[in-house]
Amino acid sequence: MANRIHNAFDNIKAQPQLVESTKQFISERYRKKAQPIYRTAFQRAFAAVCMVFVLAAGIGGYSWLQTPVSYVSIDVNPSIELALNRLNRVVSITAFNAEGEEILKSLSLKGKNYEDAIHLIVDSKAMKVYLTDENELFFTVAADGSREVSLKSGVESCSSHIGHKCQSVSADLGLVSQAHDKGFSLGKYYIYLQLVQYDDTVTIDECRKMSMAEIHGLINE
C-alpha cells in the first residue's frame, strides 16, 4: 500500500518539496491507522490461542483427576469399593449390596484421601453393627506396581488403628472389571476365586449371598 501511494504521487506535477511532504503525511497516517488493526488482530488471535490452550489444559486436567487408577475394596458383609485417582483421592464410591448402600447414605467421601475415607466408613455408626468378634474386616487393593506398594502400606496403617481384626491383600488390577461385570466388589470377587480353587461346586450366585466370614469359613474347612 505504501508503495502504491508513492507511485501515485510520482505522476503529480507540483513542487518536489510539497509532493514529498504530502507523501510522507499520507504514508504516516496509513501506518498509524493500520497498526492498531494489525495489533488488534494479533491480540485477538493470541487470546484465542491462549483460550484454546487453557480450555484444553482444563479439560485434560479434569479428566486426569477424575480417572480411576487404583481401587480399595472394603468388605465385611457390606461390600464397598473406593476408586482412586493418581493423587489417591476418591473419585467414586460404589456399594455392591444393600448393607453397603446403607453405610454410604450418611457419608460424603468423594475427593477425600483414601485413608480418611476408610476411617469414615469404618467409624460410621452403620458399619459398627458388622464389626463383631465373628467378622473380620477385609481390605483388597488393586493398583499398578509402584502405586500398589504405597497404597497397601497406607491401608495396613489404617488397619492397625481401626481396633478390629483386619486383613489386607493385593489383587491384580485386571480383576476389577471382571468383578464389576459379576456385580461384585473387588474384594469379594477375589475371595470367591480363592474359594473355587478348593471347592469348584460353589457357584458365584451362592457366593453372592454369603458374608466374607462365611466364605472364609468354607476356605478354612
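## Helix H8 and what covers it

In this predicted model, helix H8 spans residues 186-198, and its buried residues are Leu186, Gly187, Lys188, Tyr189, Ile191, Tyr192 and Leu195. The cover over these buried residues includes the strands E1, E2 and E4, together with helix H7 (175-181), helix H9 (204-208) and helix H10 (212-220). In an α-helix there are 3.6 residues a turn, so residues three or four places apart point the same way.

Strand E4, which is part of this cover, holds Thr140, a residue that counts as buried because its relative accessible area is 2%. Beyond its neighbours within four places in sequence, Thr140 is in contact with Leu186, Gly187 and Tyr190, and also with Tyr71, Val72, Ser73, Val169 and Ala171. Thr140 and Tyr190 stand 50 residues apart in sequence, yet their C-alpha atoms are 8.1 Å apart in space.

## The protein as a whole

The secondary structure of the protein comes to 10 helices and 5 strands, and of its 221 residues 36% count as buried. When contacts with a separation of 6 or more are considered, 51% of them are accounted for by residues 24 or more positions apart.

## Helices H4 and H6

Two packed helices are described by the angle between their axes and the distance between the axes. For H4 and H6, the axes come within 10 Å and cross at roughly 35 degrees, and the crossing is right-handed. On the H4 side, the residues that meet H6 are Tyr114, Glu115, Ile118, His119 and Val122, while on the H6 side the partners are Ser150, Leu151, Gly154, Val155, Cys158, His161 and Ile162. The residues of this contact divide into 7 nonpolar, 4 polar and 1 charged.

His161 lies in helix H6 and takes part in the meeting with H4, but with 61% relative accessibility it counts as exposed. A polar atom of the His161 side chain lies 2.7 Å from the backbone oxygen of Ser157. His161 and His119 are 42 residues apart in sequence, and the C-alpha to C-alpha distance between them is 9.1 Å.

## The loop between E2 and E3

Asn85 has its place in the loop between E2 and E3, and it counts as buried because its relative accessibility is 4%. The side chain of Asn85 reaches two backbone atoms, namely the oxygen of Leu65 at 2.8 Å and the nitrogen of Arg89 at 2.9 Å. With neighbours within four places in sequence left aside, the contacts of Asn85 are with Leu65, Thr67, Val69, Ser70 and Val91.

Asn88 is also found in the loop between E2 and E3, and at 17% relative accessibility this residue counts as buried. Its backbone has a phi near 65 degrees, which is a positive value in a residue other than glycine.

## The loop between H9 and H10

Ser211 is found in the loop between H9 and H10, the two helices that are among the elements covering the buried residues of H8. Ser211 is itself buried, with a relative accessible area of 14%. Not counting residues up to four places away in sequence, Ser211 touches Val76 and Asn77.

Key:
Residues numbered from 1 in each chain as written. Predicted model: local features only at pLDDT ≥ 70, side-chain atom pairs only at ≥ 80, totals over all residues. Heavy atoms only, no water. Helix = DSSP H or I, 4+ residues; strand = E, 2+ residues; numbered from the N terminus. Buried < 20%, exposed > 50% of the residue type's maximum accessible area, 1.4 Å probe, protein only. Polar contact = N/O pair within 3.5 Å; in protein donor to acceptor, adjacent residues only side chain to side chain. Contact = heavy atoms within 4.5 Å. Axes fitted to C-alpha atoms, helices over the stretch in contact; angles between N-to-C directions. Left-handed = near helix turned anticlockwise from the far one by under 90°. Nonpolar A, V, L, I, M, F, W, Y, C, P; charged D, E, K, R; others polar.
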